[in-house]
Amino acid sequence: MAEDSPVIAIDGPSSSGKGVITHKLAAHLGFHILDSGALYRLVGLAAKKQGINFDDEAALTDQARTLDVRFEPTRDPEEPLRILLEGADVTLELRTDEAGVDASRVAPLPGVRKGIGELQRSFKQPPGLVADGRDMGTVVFIDAAIKIYLTASVQARAERRYNQLKDKDISVSLHDLFQSIQARDERDMNRKVAPLRPAEDAYVIDSTELDINQVFAQVLSIVNEKLG
Ligand code: C5P
């Protein structure tokens, strides 16, 4: 039953490696995935496409409540889910830094958070769920079986993002990335509703000095200990 399915909440700031760890863990356990950031990105994108102003909470709330979204699995380990908004593939559009910044502008609005609350909870299905976000362990799945808070210094996260983009031949300045990550942290951590912070019962992993395999090994050992 959905109520009995364990949830593993993975929260943390942007570019902390949550996405990769979520996908690796879900593949390892055969669990479902909730990319909650994608839902906020979708609200921002849908609003922009329809010319809705980011100050118009009523219209954005309506948008969030009625999002026509589908997640389809792919065979590409780099991009394991295709995201369709009103039937159109918006996966690449959603991954841009602009979409992330837009998401962090609509995310503080209580109506928007409430609007996608039910959609987020509907991802909790057997045999279990790995949920990636900012408030998975503190708000949406407060009774999650395991809560992990993944973080790293702003410098380390900016360098990772820089290298990811360089690998894709996208040229950006490290300094701009540093500032954009820092600004997003500020917005996510200092907002009134569901601010980014570790849950009291979260395992905090600082990956500043760790590579992704070392982080995954730590996460797996927590999961094996707790879920058996
Ligand atoms: O994780 P991602 O970078 O896709 O998230 C984009 C933005 O969406 C975050 O910076 C944050 O403002 C917002 N978000 C949120 N709550 C979540 C997930 C994302 O407020 N659970």
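Visitor: By what cut-offs is a residue called buried, partly exposed or exposed here, and what percentage of the 228 residues of the chain count as buried?
Guide: Buried means under 20% relative accessible area, exposed over 50%, and partly exposed in between, with a 1.4 Å probe and protein chains only. The model is predicted: local features need pLDDT of at least 70, side-chain atom pairs count only at pLDDT 80 or more, and totals for chains, interfaces and linings use all residues. Residues are numbered from 1 along each chain as its sequence is written, and side-chain values use heavy atoms, with hydrogens and water left out. Of the 228 residues of the chain, the buried share is 47%.

Visitor: How many helices and strands does the chain have, and why is it called as compact as a globular protein of its length?
Guide: Helices (H or I, at least four residues) and strands (E, at least two) are DSSP runs numbered from the N terminus; the chain has 11 helices and 8 strands. The globule rule is 2.2 Å times the number of residues to the power 0.38, and the radius of gyration is taken over C-alpha atoms. The chain is as compact as a globular protein of that length because the rule gives 17 Å for 228 residues, and the radius of gyration is close to this, at 17 Å.

Visitor: What share of the contacts with a separation of 6 or more joins residues 24 or more positions apart?
Guide: Contact means heavy atoms within 4.5 Å. Among contacts in the chain with a separation of 6 or more, residues 24 or more positions apart account for 72%.

Visitor: Is K124 buried or exposed?
Guide: K124 lies in the loop between α7 (117-121) and β6 (129-133). Leaving aside neighbours within four places in sequence, K124 is in contact with A2, E3, S5, V7, L129, F141 and D143. Its relative accessibility is 17%, so K124 counts as buried.
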